Amino acid sequence: MTASVIALAAVGCGESSKSASSEATESGKYSGKGIGLAYDIGGRGDQSFNDAAYAGFEKADKEFGIGGRDVQPSDGESDADKVQRIEELAKAGYNPVIGVGFIYAPAVKEAAAKFPNTTFGIIDDEQVKADNVADLVFSEEQASYLAGVAAAKASKKQHVGFIGGVDIPLIHKFEAGFKQGVESVDKNVKIESQYLTETPAEGGFSSPDKGKEAASGQIEAGADVIYHAAGLSGQGVISEAADNKVWAIGVDSDQYKQSALAKYKDYILGSALKNVGGAVYDLAKSVYEGKPLSGVVRADLKSGGVGFADSNPKYQAMTDVVEAVDKAKQDIIDGKVTVKTS
């Protein structure tokens with residue numbers, strides 16, 4: 001994803017900034033300095049979760065001219081570092097301030113109490129309860145169910161794989177939905193399942209080499225479609241799948257369209273989408289219009305907040321796969337299928 005759309009100027013290591021336009025500040029609606037965006041592990045450039053958040057940042061700036069500042073995490077940082085990052089953004093006048101990832105929950109909780117006139121957003125966590133906090137969460141299991149249907153229908157060997165970045169409840173939702181989707185097609189399909197690390201600090205979301213090694217093992221075991229929910233580590237899953245001419249299924253962003261993955265795109269069957277960018281944009285829009293969102297804001301298949309990307313022409317040509325995924329999507333929306341979260 002390029003930064004050319006809003007011509008970001010670097011203001012320090014791992015940071016970029018753009019001032020709010022005069023139109024935005026003179027509108028009378030908005031008095032902040034723009035969006036404050038603090039990235040999750042892997043940072044901007046992961047072609048997945050964080051880049052999806054940045055897309056929402058870009059869209060809001062382009063539409064409202066509110067500008068903002070986005071800040072990268074550093075390796076091995078503490079919870080105190082996250083608190084400091086969130087509080088610095090709020091103190092500097094950015095509004096809303098958004099923590100990209102559940103790891104920011106303690107920091108958002110602490111900062112929200114200190115800055116009651118600032119709206120905070122936390123992605124992938126709904127434990128922080130405050131009038132000035134929006135909990136931006138998703139029905140990831142629904143998108144993962146569609147990935148499971150696609151994997152089972154596309155597999156020639158009746159053997160698929162799931163690779164999760166970190167062994168935590170959030171990623172268990174991806175695995176549960178995927179397995180249920182696979183089994184809805186054929187209970188005899190074998191499913192390989194693996195988590196890269198026990199904790200985020202061990203690099204499960206930020207180590208392409210770990211993703212590559214895990215994918216290699218699953219391919220050797222016989223899997224010919226592998227779905228990852230592993231952030232930056234997923235780049236290793238996708239490259240290994242492509243090198244072995246088997247299918248990969250991406251996550252969060254439409255990974256078929258990511259420039260850094262262009263040489264592997266023929267082997268990206270599709271991606272389980274999670275509209276993180278839409279959540280960032282919607283929160284920024286609500287603050288800009290003077291009606292800030294708060295409380296739990298959940299995105300699902302029905303609202304278009306999750307889905308399955310069908311950008312690859314090779315996927316589109318598999319009419320039986322496409323029909324099965326489309327039917328599964330409608331069944332979930334209609335309430336005929338309830339997807340498990342664990």
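Helices here are DSSP runs of type H or I with at least four residues, and strands are E runs of at least two, both numbered from the N terminus. Counted that way, the protein chain has 11 helices and 14 strands. Its radius of gyration is 20 Å, close to the 20 Å that the globule rule gives for 342 residues, so the chain is as compact as a globular protein of that length. Please keep in mind that this is a predicted model.

**Overall fold**
- Along the principal axes, the C-alpha atoms of the protein chain fill a box of roughly 60 × 40 × 35 Å.
- Of the contacts between residues at least 6 apart in sequence, 69% join residues at least 24 apart.

- Buried residues make up 58% of the 342 in the protein chain.
- The protein chain has an accessible surface of about 14,100 Å², and carbon and sulfur atoms account for 46% of that surface.

**A look at helix H4**
- Which residues of helix H4 (residues 105-114) are buried? They are Ala105, Ala107, Val108, Ala111 and Ala112.
- Viewed down the axis of H4, these buried residues fall within an arc of 155°, so they line one face of the helix.
- Lys109 and Ala113, on the other side of H4, are exposed.
- The cover over the buried residues of H4 includes helix H3 (79-91), along with strand E6 (120-123) and strand E7 (133-138).

Methods
Residues are numbered from 1 along each chain as its sequence is written. This is a predicted model: local features need pLDDT of at least 70, side-chain atom pairs count only at pLDDT 80 or more; totals for chains, interfaces and linings use all residues. Side-chain values use heavy atoms; hydrogens and water are left out. The radius of gyration is taken over C-alpha atoms; the globule rule is 2.2 Å times the number of residues to the power 0.38. Buried means under 20% relative accessible area, exposed over 50%, partly exposed in between (1.4 Å probe, protein chains only). Contact means heavy atoms within 4.5 Å. Accessible areas come from the Shrake-Rupley method with a 1.4 Å probe; for residues, only the protein chains shown count as cover. The arc is that of the directions from the helix axis to the C-beta atoms.
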